Amino acid sequence: CIDGCRFALVMPIVVAHFARFSTTNQTLLKILTQENVLVGGFFVISGYVAAYTSTKLNERSADEKKLAKPELFFWQKVMGYYPLHFVVLSFFTPMFVQVERWFKTPWTT
């Protein structure tokens, strides 16, 4: 249920990111680009999930094993997401580079 709520909050954000480049309808853009509320809701639910996974079940205390080595807990969380991030980045980077070449857009920061 919580993952479904997180998905429901993230999906409009993803759609809005692409809608900015696909339409010039100002009304539609104003509706779709109000992501700040959705991002806040996503972070609240994600914080709840992070707190839930770092505590003992049915208790309101921290898991002593996770407190003993917080760097291990941190790296477990990072490595849970980083491989997927690397795969998606590897997949989409060539596409973005090719689009930049097609439209001869300068690379600026």
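1. Contact, as used throughout this note, means heavy atoms within 4.5 Å. Helices (H or I, at least four residues) and strands (E, at least two) are DSSP runs, numbered from the N terminus. The structure is a predicted model, in which local features need pLDDT of at least 70 and side-chain atom pairs count only at pLDDT 80 or more, while totals for chains, interfaces and linings use all residues. Residues are numbered from 1 along each chain as its sequence is written, and side-chain values use heavy atoms, with hydrogens and water left out.

2. Confidence. The predictor's confidence in each residue is given as pLDDT, from 0 to 100. The chain averages 81 on this scale, and 97% of the residues score at least 70. Confidence is lowest in helix H4 (residues 64-68), with a mean of 76, and highest in H5, with 85. Where pLDDT is low, the predicted coordinates should not be read in detail.

3. Overall form. The chain holds five helices and zero strands. Its radius of gyration (taken over C-alpha atoms) is 19 Å, well over the 13 Å that the globule rule (2.2 Å times the number of residues to the power 0.38) gives for 109 residues, so the chain is more spread out than a compact globule. Along the principal axes, the C-alpha atoms fill a box of roughly 55 × 30 × 25 Å. Of the contacts with a separation of 6 or more, 41% are between residues 24 or more positions apart.

4. Burial. Buried means under 20% relative accessible area, exposed over 50%, and partly exposed in between (1.4 Å probe, protein chains only). By this criterion, 9% of the 109 residues count as buried.

5. Helix H1. The expected span of a helix is 1.5 Å times one less than its number of residues. The buried residues of H1 are Arg6, Leu9, Ile13, Ala16 and Ala19. They pack against H2, helix H3 (36-53) and H5. An α-helix has 3.6 residues a turn, so residues three or four places apart point the same way.

6. Arg6. Arg6 counts as buried because its relative accessible area is 16%. Beyond its neighbours within four places in sequence, Arg6 is in contact with Phe42, Ile45, Ser46, Val49 and Tyr81.

7. Ile31. Helix H2 (residues 26-32) contains Ile31. Ile31 is classed as exposed because its relative accessible area is 60%. From C-alpha to C-alpha, Ile31 lies 22 Å from Gly4, and the two are 27 residues apart in sequence.

8. Helix H5. With 34 residues (70-103), H5 reaches 47 Å from its first C-alpha to its last, close to the 50 Å expected. H5 bends by about 30° at Phe92, and Pro94 follows within four residues; the bend is the angle between axes fitted to the seven residues ending at a residue and the seven starting there. After H5 comes Lys104, whose phi is positive, near 50°.

9. Aromatic rings. Rings of Phe, Tyr and Trp (its six-membered ring) pair if their centres lie within 6.5 Å; planes under 30 degrees apart count as stacked, over 60 as edge-to-face and the rest as tilted. The count by this rule is five aromatic pairs. Phe91 and Phe92 form an edge-to-face pair, 5.0 Å centre to centre with 85° between the planes. Phe91 is exposed, at a relative accessible area of 61%, whereas Phe92 counts as partly exposed, at 31%. Phe91, Phe92 and Phe96 form one aromatic cluster.
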